[in-house]
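The entries below follow the order in which I looked things up.

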Amino acid sequence: MSQTTQVARRRPVSAPSGAAPPPARRRPASPQWAAWAFLTPVTLYLALFYAYPLYRNLDLSLRDYTVRSFVQGNAPFTGLRNYRTVLDDPAFAPALLHTVVFTVVCLAFQYAIGLALAVFFHQHFRLSATLRALFLVPWLLPLIVSASTWSWMLNSDSGVVNAALHTVGVGPVNWLTSPSWSLASVIIANIWIGVPFNLVVLHSGLQSIPAGLYEAAALDGAGAWRRFWSITLPLLRPVSAITLLLGLVYTLKVFDIIWIMTKGGPAESSTTFATWSYQLGFGNLLPAFGPGAAVGNLLVAAALVFGLVHLRVQRRQEAS
């Protein structure tokens with residue numbers, strides 16, 4: 001083949017006179033723009049429903065808000081005076097004690113009962129799935145229904161709990177109207193509501209543990225209790241940590257159960273930070289918006305501290 005023919009084949013064919021040029025290829029959109037497009041709705045949601053309310057709550061706690069200034073928006077800046085007011089209030093120490101007792105006892109019993117039920121249902125016996133679904137009923141019910149049901153059951157005069165105690169020769173107990181029993185009553189109700197969540201999460205964690213480990217341990221002569229302490233608990237530790245953290249955050253802010261059953265009484269015997277914050281901000285004719293927001297921020301700070309501690313511990317475990 002001659003050199004002239006090769007040059008002619010390499011030369012581009014020119015478009016005929018008057019014809020439109022071929023359309024230019026469009027560059028594909030940058031993946032970064034697509035990522036920002038997907039992140040925009042989530043970012044707006046977090047900003048509107050999380051960041052802005054937190055900012056407003058912090059602003060409330062740093063200013064002297066009244067009903068008039070709350071509407072007009074000209075409250076004077078007071079710094080940390082609302083926090084000092086809360087710390088000096090005689091109701092602070094009892095509310096703190098009740099919050100700690102309520103949170104610790106609920107977490108301990110919810111986790112222990114949930115773990116026991118998760119191990120029990122992990123045996124995969126007949127009707128296991130049906131019974132496990134029935135245990136989810138307390139978690140699925142609206143909280144107002146659950147709290148109203150427990151208020152009826154623990155009623156001093158017509159409650160089924162006192163009726164059951166009467167059949168075994170025990171006198172009636174003033175569950176909701178006695179300062180000695182009101183906190184225990186709301187703790188029992190909240191434990192009943194929180195057990196299904198622990199059951200579901202811990203049961204899911206048990207599914208990820210290889211069955212061969214239990215078989216090998218059984219061949220080595222390890223009993224059921226030994227297998228639980230040496231295999232189940234160590235391998236379930238990451239799931240247990242996140243379960244306890246989520247339970248802690250939820251229990252710290254429990255308000256509706258306590259308010260419907262006892263309203264924090266009698267004589268503030270079941271008042272926690274959540275109910276106290278509501279009472280300060282909305283429970284009086286002259287609301288104290290600043291101190292109420294300060295109490296709420298203390299709850300947010302406590303949950304944030306425990307969350308950061310959990311992240312730090314988790315990173316150390318992953319590094320080791």
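At what angle do the axes of helix 10 and helix 13 cross? I found that the axes of helix 10 (residues 182-207) and helix 13 (residues 237-252) cross at roughly 155° and come within 10 Å. Helix 10 is therefore roughly antiparallel to helix 13 (angles over 145 degrees count as roughly antiparallel).

I noted that the model is predicted: local features need pLDDT of at least 70, side-chain atom pairs count only at pLDDT 80 or more, and totals for chains, interfaces and linings use all residues. Residues are numbered from 1 along each chain as its sequence is written, and side-chain values use heavy atoms, with hydrogens and water left out.

I then listed the contact (heavy atoms within 4.5 Å).

Next I turned to helix 8 (143-153). The axes of helix 8 and helix 10 come within 10 Å and cross at roughly 135°. Leu143, Ser146 and Trp150 of helix 8 meet Ile188, Ala189, Trp192 and Ile193 of helix 10.

Finally I looked up Asn155, in the loop between helix 8 and helix 9 (160-167). Asn155 counts as partly exposed because its relative accessibility is 28% (partly exposed lies between buried, under 20%, and exposed, over 50%, with a 1.4 Å probe and protein chains only). I also saw that the side chain of Asn155 reaches the backbone nitrogen of Ser158 at 3.0 Å.

Technical notes:
Axes are lines fitted to C-alpha atoms, for helices over the stretch in contact, and angles run from 0 to 180 degrees between N-to-C directions. Helices (H or I, at least four residues) and strands (E, at least two) are DSSP runs, numbered from the N terminus. Angles under 35 degrees count as roughly parallel, over 145 as roughly antiparallel, 65 to 115 as roughly perpendicular and the rest as oblique. A polar contact is a pair of N or O atoms within 3.5 Å; within protein, one must be able to donate a hydrogen and the other to accept it, and residues adjacent in sequence count only if both atoms are side-chain atoms.
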